[in-house]
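This briefing reviews selected features of one protein model. Please consult the sequence and the structure shown below alongside the points that follow.

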Amino acid sequence: MLAQQTVMKALLIGDVVLNVDQWDGYPAARARLLQDIADLGVQNVVVLTGDIHVAGAADLRLPDAGTTGTVVAHELVGPAISSESLAAAVGASFDLSAMGLAYSNLADHGYVRATVTPERWRAEWVMVDTIAEATSGARIDATAEIVAGTPGLRML
């Protein structure tokens, strides 16, 4: 597991980098890291990411900017907990699906709950109904599963 605060998955529109303050601003460093993971044969790498105010899940591949290629790691991104979500800036209907994400939610607030065993990593994105009240209902918005020894995350 690699826990860090900036999105590792390449998020480009054509050749346009959406955010140079995440790994897209350092493509050579990202490519070296992913290549090292592949060269060393490290399996079941999960990257936990936050600080983007968006929920998401994606496979990390070589070549690192592509939506096809060898899966070498998986990224799980936690949503905004209480601060403004990215949807406030770009709109809730902004479509990230062309960027190779398995899941994204730009609007809701919550957290990622993980259950990890030697056989699998199961992540659930738990979203709250409102951040305006101290108590709120919550729901599971999405669930992903990563099976040990099997490249590629699967949305359930």
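Predicted model: local features only at pLDDT ≥ 70, side-chain atom pairs only at ≥ 80, totals over all residues.

In what order do the four strands of the open sheet run, and is their pairing parallel or antiparallel? The order is β8-β9-β10-β11, and the pairing is antiparallel.

**Open sheet**
- Strands β8 (110-116) and β11 (154-155) stand at the edges, and because each has a single partner strand, one side of each is left without a neighbour in the sheet.
- Strand β10 (residues 138-147) pairs with β11 in the antiparallel sense over two bridges.
- In β11, R154 stands opposite E145.

**Residue D59**
- D59 belongs to strand β5, which spans residues 55-62.
- Its relative accessibility is 12%, under the 20% limit, so D59 counts as buried.
- The D59 side chain reaches the backbone nitrogen of L153 at 2.8 Å.
- Beyond four places in sequence, the contacts of D59 are K9, V71, A73, H74, G152 and L153.

**Largest pocket**
- The volume of the largest pocket is about 320 Å³.
- It is lined by 21 residues, of which L11, I52, V54, L86 and L96 are the closest to its centre.
- Strand β5 supplies the largest share of this lining, four residues.
- The lining comprises 15 nonpolar, four polar and two charged residues.

**Second largest pocket**
- The second largest pocket has a volume of about 180 Å³.
- Among its 14 lining residues, V42, Q43, V71, V72 and P151 are the closest to the centre.
- Strand β6 gives the most to this lining, with five residues.
- By class, the lining has eight nonpolar, six polar and no charged residues.

Key. Residues numbered from 1 in each chain as written. Heavy atoms only, no water. Buried < 20%, exposed > 50% of the residue type's maximum accessible area, 1.4 Å probe, protein only. Polar contact = N/O pair within 3.5 Å; in protein donor to acceptor, adjacent residues only side chain to side chain. Contact = heavy atoms within 4.5 Å. Pairing = 2+ DSSP bridges. 1 Å grid on protein atoms, 1.4 Å probe; cavity = no way out; pocket = protein on both sides within 12 Å on 5 of 7 lines; lining within 4 Å. Points joined across faces, edges and corners; volume = space filled by probe spheres on them. Nonpolar A, V, L, I, M, F, W, Y, C, P; charged D, E, K, R; others polar.
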